[in-house]
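Morning, everyone. Here is the next model on our list. Have a look at it first, and then I'll go through the numbers.

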Amino acid sequence: MEKLSPFVVGDGEKCIGCKACEVACHASHNVKGITAGNIDTPVFPKLFVTRVEEVTMPVQCHHCEDAPCAQACLEKAIYFAGDKVLIHTEKCKGCKDCLVACPFGAVELVPQFVNGREVIQENLGKPLLYGNKCDLCHTRPNGPICVEICPEQALRLVEPHKEKKEKNKKAVATIVGMFKK
């Protein structure tokens, strides 16, 4: 059986809406050699702290096994790299098909910046946009920075195979306990 893709999930009971995960995400992916307090571009995290009624929690890519965003991408800019769904930003044409296809609203188009300056398309006079979404900090040895930085531990990395094995062990223990009575 193929390994299922991991993803980060938020706990609405624990999240306080501080957005530390958003700032850490942006800094981890875009800021080299300066502190988060000195960011010279708009903050474009790869997750979105969202408030609905009385619950606040981050929403981000679930790295779906069928990846509707990748299936919708005519440029083939969205692809699987092992068990992660990633975007080749240089291939992205900003068509918005991935935004429409994503069931979680986890993809957005953001303007490209080079050396702190927004890239403008000369022929259109508009910013050059590309798809942006969670990549599980795939280049970071310690995994997703949002999970690490959350002051309330409201985020966790879900690894489906490991979780299934743990649930199976608990089920066996429960069943064995029932027969011992």
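**Surface, core and cysteines**

The protein exposes about 11500 Å², and carbon and sulfur atoms supply 55% of that area. Areas come from the Shrake-Rupley method with a 1.4 Å probe; for residues, only the protein chains shown count as cover.

Ground rules. This is a predicted model: local features need pLDDT of at least 70, side-chain atom pairs count only at pLDDT 80 or more, and totals for chains, interfaces and linings use all residues. Residues are numbered from 1 along each chain as its sequence is written, and side-chain values use heavy atoms, with hydrogens and water left out.

Overall layout. The C-alpha atoms fill a box of roughly 75 × 35 × 35 Å along the principal axes. The protein has five helices and 12 strands. Those are DSSP runs, numbered from the N terminus: helices are H or I with at least four residues, strands are E with at least two. Of the 181 residues, 34% count as buried. Buried means under 20% relative accessible area, exposed over 50%, partly exposed in between, with a 1.4 Å probe and protein chains only.

Now the inside. The largest nonpolar core has 29 residues. Such a core is a set of buried Ala, Val, Leu, Ile, Met, Phe, Trp, Tyr and Cys residues joined through side-chain atoms within 4.5 Å. Cys21, Ile78, Cys146 and Leu155 have the most contacts inside it. α1 (20-30), α2 (68-72) and β5 (84-87) each give two or more residues to this core.

Stay with α1. Its buried residues are Cys21, Glu22, Ala24, Cys25, His26 and Ala27. They pack against β2 (48-52), β3 (55-59), α4 (145-149) and β12 (155-158). A contact here is heavy atoms within 4.5 Å. Leaving out residues up to four places away in sequence, Cys21 touches Leu47, Val49, Pro58, Cys146, Ile149 and Leu155.

Cys61 is in no disulfide either; the nearest cysteine sulfur, in Cys69, is 5.8 Å away. Cys15 counts as buried at 18% relative accessibility, and Cys61 counts as buried at 7%.

Last stop, helix α5 (residues 160-180), where Ile175 is found. Ile175 is partly exposed, with a relative accessible area of 44%. That's the tour.

Technical notes. A disulfide is a pair of cysteine sulfur atoms within 2.5 Å.
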